[in-house]
Amino acid sequence: MNSNGRHLRGALVAGAVATALALAPAAAAQGPAEAKAAAAAPATTLVFDKNPGDPANSKLSVYRGKKLWATYRAGSGLGVKDDCARAKGWMPNGNWKIKLKTRTYNGNLIKGYAVYLQDMKCSKGTLTRTEMFIHSEMNRDGSAGRTEARRWDGAGDYKSNGCVKLNPTDIKKMFRLLDRIGWPTHLRVVS
């Protein structure tokens with residue numbers, strides 16, 4: 001290689017380095033800007049609003065940011081407003097972390113579409129509510145069953161052992177909606 005070739009290659013390398021250094025601040029600025037834009041995207045939120053007048057006629061709402069996307073009738077408990085009453089009382093207020101979401105849950109009592117929630121202490125702190133879900137009454141594959149525990153019969157089926165319970169059509173709609181707009185990380189329970 002002659003000296004002109006070395007000078008040319010040196011000039012190209014120097015030019016490439018200068019270009020990279022000139023673009024580096026712009027690239028670095030773009031990364032945080034993109035992260036900031038992602039952080040500014042509205043979060044999806046599930047809110048269960050307990051109805052003190054009729055716990056079996058409460059509401060589960062889906063929000064994205066401040067926009068309400070859907071509201072479903074839901075129930076919790078057997079009409080008992082004591083959130084420390086195991087297997088009878090309604091769900092305690094608070095932010096429940098979503099541990100699992102599935103369309104094919106196969107528990108002893110709960111089958112099919114289910115959102116499994118973290119354990120949480122009741123309002124008095126005397127009892128930890130465990131095995132709490134958002135669910136319905138159906139078979140594991142989402143179809144209607146023959147027994148009462150697997151077949152939705154009407155308004156009386158909104159009662160539960162404390163979980164949030166939706167009718168089968170609504171829980172399926174909720175899953176489709178959340179698949180489309182994004183799943184929340186928590187269920188917020190209020191009254």
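This is a predicted model: local features need pLDDT of at least 70, side-chain atom pairs count only at pLDDT 80 or more; totals for chains, interfaces and linings use all residues.
How many salt bridges does the structure hold? The count is four.

Let me begin with arginine 103 and aspartate 179, which form a salt bridge with their closest N and O atoms 2.4 Å apart. Because arginine 103 belongs to strand S4 and aspartate 179 to helix H2, residues 168–181, this pair ties together parts that are 76 residues apart in sequence. Arginine 103 has a relative accessible area of 31% and is partly exposed. Aspartate 179, at 44% relative accessibility, likewise counts as partly exposed.

I turn next to aspartate 82 and lysine 124. Their salt bridge has its closest N and O atoms 3.6 Å apart. It links distant parts of the chain, 42 residues apart: aspartate 82 sits in the loop between strand S3 (67–76) and strand S4 (94–106), and lysine 124 in the loop between strand S6 (120–121) and strand S7 (128–129).

Finally, the side chains of glutamate 137 and lysine 165 meet in a salt bridge at 2.6 Å, N to O. Glutamate 137 lies in the loop between strand S8 (133–135) and strand S9 (164–165), while lysine 165 is in strand S9 itself, so the pair ties together parts 28 residues apart in sequence. Here both glutamate 137 and lysine 165 are buried.

Methods
Residues are numbered from 1 along each chain as its sequence is written. Side-chain values use heavy atoms; hydrogens and water are left out. Helices (H or I, at least four residues) and strands (E, at least two) are DSSP runs, numbered from the N terminus. Buried means under 20% relative accessible area, exposed over 50%, partly exposed in between (1.4 Å probe, protein chains only).
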